[in-house]
Amino acid sequence: MSNTKQLTLNINGQDEKMNVPSHRTLLEALRESGHIEVKCGCEKGDCGACAVLVDDVAVDSCLTLAWASEGKAITTVTGLGNVDEPHPLQTAFKDLGASQCGYCTPGMIIASKGLLNENPDPTDDEIRVGLSGNLCRCTGYAKILDAVGQAAEVMRREGEPS
Ligand code: FES
Ligand code: FES
């Protein structure tokens, strides 16, 4: 017998109601409710493509149960900024060519935001460690590391969009 309940998840500042079986991961619940900006890669915690912020901490949504996320603030990459008002991380990834196919980019940006929430002025090595759970097949990583460093500098100087 399926064990389903109605959840209210706070996603990018909006409460969204959904019926979710107990075994659904947060990744599945987000994508099934239209948040396809959250990418599905390995579904076992190896690639970081599915990263979202939960109460400002980056987590792999494929390893998080949807039911455990009720009452918390969930932020996806589209909750950080948009085309008209991009977040400094989004701007830096675009300007420095840190995204090629783009599949890893939402998770990379979320992991970067989680890192900068804890450490606004990271060294290059700290950025490497902070992004060590995120895989990219395309870029060779150097431009991603540069983009995070540039965004961190902008965020320290100018803050972030509210
Ligand atoms: S899909 Fe979650 S870590 Fe790969
Ligand atoms: S840009 Fe293609 S996987 Fe990273």
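Biologist: How many of the 14 residues of α4 are buried?

Modeller: Here a residue is called buried if 20 or more other C-beta atoms, placed from the backbone, lie within 10 Å of its own, exposed if 12 or fewer do, and partly exposed in between. In α4, 11 of the 14 residues are buried, so this helix is largely enclosed by the rest of the structure. The model is a predicted one, in which local features need pLDDT of at least 70 and side-chain atom pairs count only at pLDDT 80 or more, while totals for chains, interfaces and linings use all residues. Residues are numbered from 1 along each chain as its sequence is written, and chains are lettered from A and ligands numbered from 1 in the order in which they are written.

Biologist: Which residues of α4 are buried, and what do they pack against?

Modeller: Helices (H or I, at least four residues) and strands (E, at least two) are DSSP runs, numbered from the N terminus, and two residues are in contact if their C-beta atoms lie within 7 Å. The buried set in α4 includes T105, P106, M108, I109, I110 and L116, and the partners of its buried residues are β3, β4, α2, α3, α5 and α6. On α3 (88-95), the buried residues are P88, L89, Q90, A92 and F93, and they pack against α2, α4 and α6.

Biologist: What span should α4 have, and how far apart are its end C-alpha atoms?

Modeller: The expected span of a helix is 1.5 Å times one less than its number of residues. For the 14 residues of α4 that gives 20 Å, and the end C-alpha atoms are 20 Å apart, which agrees.

Biologist: In what order do the strands of the sheet run, and which of them stand at the edges?

Modeller: Two strands pair if DSSP finds at least two bridges between them. Here 5 strands form an open sheet with mixed pairing, in the order β2-β1-β5-β3-β4. Because β2 (14-21) and β4 each have a single partner strand, one side of each is left without a neighbour in the sheet. Between β3 and β5 (residues 73-75) there are 2 bridges and the two run antiparallel, with V54 opposite I74 in β5.

Biologist: Which strands does helix α4 touch, and what angle does its direction make with that of β3?

Modeller: Axes are lines fitted to C-alpha atoms, for helices over the stretch in contact, and angles run from 0 to 180 degrees between N-to-C directions. Helix α4 (residues 105-118) packs on the sheet, touching β3 and β4, and makes about 35° with the direction of β3.

Biologist: Where do the two domains lie in the chain, and how many residues does each give to the contact?

Modeller: Domain bounds come from an automatic or database domain assignment, which here gives domain 1 (4-78) and domain 2 (80-157). Their C-alpha centres lie 21 Å apart, and the contact takes 17 residues from domain 1 and 15 residues from domain 2. On the side of domain 1 that touches domain 2, β3 gives the most, with 3 residues.

Biologist: Where is N12 placed, and is it buried or partly exposed?

Modeller: N12 lies in the loop between β1 (4-11) and β2, and it has a positive phi of about 50° although it is not a glycine. With 17 C-beta neighbours inside 10 Å, N12 counts as partly exposed.
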